[in-house]
Amino acid sequence: MDLIELKDIRKTYHLGEVDLPVLKGISAHIARGELVALMGASGSGKSTLMNLLGCLDHPTSGEYWLDGREISGLSARERARVRKQTIGFVFQNFNLLPRTSALENVMMPLTYATEHLSERQMKQRAAGLLNRVGLGDRADHQPSQLSGGQQQRVAIARSLINNPRLLLADEPTGNLDSRTSEEILKMFQDLNETEDITIILVTHDPGVARHAQRVIHIKDGLIENGAAFAVEEDQR
């Protein structure tokens, strides 16, 4: 069953009297539990598409179905509610609060969640996720006391705190060395397999894309060749 269905998604930005079409008719399906790479060069439209998938923006036209609900016509407030309930984000620059412990960084989204938990419950959930990403002994460390790979693990734990059905990772290894990148990508694979979370890796890097089950290539605002390409098993 599909978690995501896109039907002729278009996005045009209006710059004064100039119209700039960025997405020019995107149609795609992503199944529940898939690990997909959304791949394209700078300017291809992949970041715009990620913003639409993450309910950070809305399309000019077309339909976006997420978990059985049509999203494209929702207000900004309604999209924010969908983000809180359904979507987790991991970014290239980690986006951790600098003078805050790893535990508190992971807990942070719960303060905006519709689910109401006690302080103790929030700490227990955050501690469990830090253990899940191998940082149970770093809960009291601030980001400056952690390596880049450890900071990204904290960011992954934070993205999981609201039990999302969809995880969007935007160039998640862009600031990491090759060995650490491989560890983080294997973590995404493990989360996908064991937690059944649908994960979309947004990247320009073929090495990152090879860790996905399927690659969707976007070029000039369109899915290239109108198709998505499976990753060969021996490349994963």
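Student: How many bridges join strand β1 to β2?
Tutor: This is a predicted model, with pLDDT of at least 70 needed for local features and 80 or more for side-chain atom pairs, while totals for chains, interfaces and linings use all residues. Residues are numbered from 1 along each chain as its sequence is written, and side-chain values use heavy atoms, leaving out hydrogens and water. Strands are DSSP runs of E of at least two residues, and helices are runs of H or I of at least four, numbered from the N terminus. β1 covers residues 2-15 and runs antiparallel to β2, and the number of bridges joining them is 11.

Student: Okay, which strands stand at the edges of that sheet?
Tutor: Two strands pair if DSSP finds at least two bridges between them. The open sheet has 4 strands in the order β2-β1-β4-β5, paired antiparallel. Each edge strand has a single partner, so one side of it has no neighbour in the sheet, and these strands are β2 and β5.

Student: Which residue in β2 stands opposite Ile4?
Tutor: Follow the pairing of β1 with β2, which run antiparallel. Opposite Ile4 you'll find Ile30.

Student: What is the volume of the largest cavity?
Tutor: On a 1 Å grid over the protein atoms alone, a cavity is a set of points where a 1.4 Å probe fits but can't get out; a pocket is an open set with protein on both sides within 12 Å along at least five of seven lines, and lining residues have an atom within 4 Å of a point. Points join across faces, edges and corners, and volume is the space filled by probe spheres set on them. There's 1 cavity of 30 Å³ or more. Its volume is about 70 Å³.

Student: Is Gln92 buried, partly exposed or exposed?
Tutor: Buried means under 20% relative accessible area, exposed over 50%, and partly exposed in between (1.4 Å probe, protein chains only). Gln92 has 27%, so it counts as partly exposed.
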